[in-house]
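Colleague: I would like to learn how to read salt bridges in a model like this one. Could you take me through some cases?

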Amino acid sequence: LFNQLPAAALLFHRRDLSPLPEVARVKMRDETLLSGKSPSDLFDPNDAFRKRLEVQVGATTDSPPSRGSENGRYVVPGLSWSASDSLITLFTERTASIIGRCAGRTQRLSGVSLRGDNLFCVIHLSSLDGKPLASSRHLLLTPSARAENTGAAYSADRTKMTRLGHGPILMEAVRGEVTLPGEAPYTVWPLSEDGKRQAPLPVHRGSIPIGPMGAPPALGPVLWYEIERPATPGSAH
């Protein structure tokens, strides 16, 4: 969903995650690529969690498709993927995320706790002032769940879209909770679809609710929350 782009941009431009040292490389002929075939079909499905992916375009032959299947649990610096739990957790000093089957489980990452009550959802917590999440005074909270155009249609197994549909976009509201360390109060603003602050939520200490209890009903699903904590006496600005 497009609302995840700010969190992804912070993660990428700040290099919160280090590049993986191992490389998986495949070859594709120009004709194969122009026919609409995806390079992802040539990789082992597990490689995206273990290696950097590279595609050599303009090769004289295509790499044979991989016959691997997603399974097991993979842990690399800053990220873990569990096939059995259908969950990705991302944990760096300035970003913490849960992606996949949340189902009310609490994940403790980088000094914070994230819980999504939806069966499937995405929650990103990003430091905006460059400080570690545990001490940051300005953060961005990005919740996402299922979203699709009005009138969109899919194949029976929902792996292919058969009709694009039209606006407005239908969104499932994310419900859950984020718990930040420390006792200092936080001010939380739901942000509108154009990023403007709405009426702040009641002052929170530690736990911040996500969803209908954490936003005026008139707002509907919230794309972002902006979180600020005042400086404590004697702290550096």
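Colleague: Which side chain meets R14 in a salt bridge, and what is the N to O distance?

Modeller: The general idea is a distance test: a side-chain nitrogen of Lys or Arg has to lie within 4 Å of a carboxyl oxygen of Asp or Glu. Bear in mind that the model is predicted. Here the partner of R14 is D16, with 3.1 Å from N to O.

Colleague: Are R14 and D16 buried or exposed?

Modeller: Buried means under 20% relative accessible area. R14 has 19% relative accessibility, so R14 counts as buried. D16 is at 13% and therefore counts as buried too.

Colleague: What is the N to O distance between D41 and K37?

Modeller: The side chains of D41 and K37 form a salt bridge at 4.0 Å, N to O.

Colleague: Which residues are linked with D47 in a network of salt bridges?

Modeller: The network joins D47 to E22, D44, R50 and K51. One of its pairs is K51 with D47, whose side chains meet at 3.6 Å, N to O. D47 has 6% relative accessibility, which means that D47 counts as buried.

Colleague: How many salt bridges does the rule give?

Modeller: The count comes to 18 salt bridges. Among them are the pairs R14 with D16, D41 with K37, and K51 with D47.

Terms used. Residues numbered from 1 in each chain as written. Predicted model: local features only at pLDDT ≥ 70, side-chain atom pairs only at ≥ 80, totals over all residues. Heavy atoms only, no water. Buried < 20%, exposed > 50% of the residue type's maximum accessible area, 1.4 Å probe, protein only.
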